[in-house]
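Open the model in your viewer and keep the sequence panel beside it. We will go from stop to stop, selecting as we go.

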Amino acid sequence: MQFILKLAAVAVVTALSLSPVLAQETRSFTDDTGRVVDIPVAPQRIVSLHDSVLTVPLLELGVIPVGSHGRTTEDGKPFIRSSNVLTGIDFDNSTIQFVGNLPADVEAVAALEPDLILTTPWQTAGLEQLEAIAPTLVLDSGKRDAFGMHSVLADVTGTQDRLATLDARYQSQIAQIKRLIDTSSISVSIMQGVNGQFAVWHTYGTLGIVLRDAGFVFPDRVNAIPEGTNELLSAEALPELDADFVFVTYRTDALETPADAMKYLDEVVPGFCDFLFACRANQMIVMPREEASSASYYGLGVMAYTVISQISGRRFEHKPD
């Protein structure tokens with residue numbers, strides 16, 4: 001009897017060692033916490049634990065994770081933030097399984113039998129629990145430039161050729177802006193009204209990247225903000241944020257409209273339009289936030305086209321000095 005049991009145990013171990021996940025070729029990878037993790041050379045079953053930071057870039061690289069972190073609507077329907085407008089892919093039209101929000105549901109993650117888990121410092125699901133399921137990388141977008149996550153994910157998934165194609169398209173879009181617009185002679189600014197203050201970034205998402213890469217001029221007050229950060233400014237700062245063109249965004253995923261963007265600015269400075277040259281001159285451009293703020297190559301393309309369509313060939317006034 002004992003001999004039979006030993007044979008059964010050997011059979012189980014052998015079966016496990018031959019499973020697709022455990023038989024994969026691996027390599028060492030140092031994540032953003034300094035941990036060295038052995039990960040599959042060609043991961044097949046990735047679970048992504050941040051929707052906009054990890055899942056959307058994966059989808060742009062042509063990688064469909066088996067599971068993803070997401071948000072839920074008021075009636076409990078899960079969604080991948082920004083993904084529908086940026087990639088056309090969401091939980092309801094793909095094989096991607098929802099594994100919770102914050103913290104992610106560790107049991108739901110384990111049920112998907114991933115061969116690699118990608119997470120961020122923002123995600124509160126326990127790292128030790130995740131590591132017990134599959135090799136886990138912690139990737140910190142705060143330690144990279146805006147599209148640095150695409151680069152590391154391309155490395156992890158072996159999709160560098162796809163990334164090179166996306167980048168070549170973007171460089172052509174920037175070249176087109178420079179050909180059609182004398183960007184060095186035009187000042188621009190981006191702001192939001194948030195809880196009675198102006199939220200201003202050194203480089204605001206994809207919109208800010210396009211404007212800076214194309215060579216537009218930002219106000220000194222904006223340039224003084226350290227790269228990669230933002231500041232909340234009081235009403236008195238409004239004149240310092242003015243420009244030939246001012247861009248303002250609103251959250252379409254929260255069902256906001258352009259009127260909401262204007263309302264939030266009015267909460268900082270009632271009648272703000274009377275004090276903002278770009279607004280008085282009808283040179284304030286209001287647009288959806290998802291395309292303008294997400295780290296997405298599709299978003300870059302949308303912003304490049306928006307800039308060309310709004311500014312090239314247009315008669316406009318320069319803000320008085």
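## Stop one: the sulfur link

This predicted model holds 1 disulfide by the distance rule applied here. Select Cys273 and Cys279: these are the joined residues, with 1.9 Å from S to S. Look along the S-S bond. The angle about the bond is -100 degrees, and the link of Cys273 and Cys279 is left-handed.

Now colour by accessibility. Is each end buried or partly exposed? Cys273 is partly exposed because its relative accessible area is 25%. Cys279 has 12% relative accessibility, so it counts as buried.

## Stop two: Met284

Met284 lies in strand β14, residues 284-288. Its relative accessibility is 14%, so Met284 counts as buried.

For a sense of scale, draw a distance from Met284 to Gly76. The C-alpha atoms are 36 Å apart, and 208 residues separate the two in sequence.

Select residues 116-119, strand β8. Which residues sit on each side? Leu116 and Leu118 are on one side, Ile117 and Thr119 on the other. All four are buried, leaving both faces of β8 covered. In a regular strand, side chains alternate between the two faces of the sheet.

β3 and β8 pair in the parallel sense over 3 bridges. Val47 has Ile117 of β8 as its bridge partner.

## Stop four: helix α7

Select residues 160-180. This is helix α7, with 21 residues. From first C-alpha to last, α7 reaches 31 Å, close to the 30 Å expected at 1.5 Å a residue.

Pick out the buried residues of α7: Leu163, Leu166, Tyr170, Gln173, Ile174 and Ile177. Why do they fall on the same side of α7? They do so because they cover an arc of only 95 degrees around the axis. An α-helix has 3.6 residues a turn, so residues three or four places apart point the same way.

Turn to the other side of α7. Asp161 and Arg179 are exposed there.

Finish by showing what the buried residues of α7 pack against: α2 (51-60), α6 (148-157), α8 (205-214) and α14 (297-311).

Notes. Residues are numbered from 1 along each chain as its sequence is written. This is a predicted model: local features need pLDDT of at least 70, side-chain atom pairs count only at pLDDT 80 or more; totals for chains, interfaces and linings use all residues. Side-chain values use heavy atoms; hydrogens and water are left out. Helices (H or I, at least four residues) and strands (E, at least two) are DSSP runs, numbered from the N terminus. The expected span of a helix is 1.5 Å times one less than its number of residues. Buried means under 20% relative accessible area, exposed over 50%, partly exposed in between (1.4 Å probe, protein chains only). The arc is that of the directions from the helix axis to the C-beta atoms. Contact means heavy atoms within 4.5 Å. Two strands pair if DSSP finds at least two bridges between them. A disulfide is a pair of cysteine sulfur atoms within 2.5 Å.
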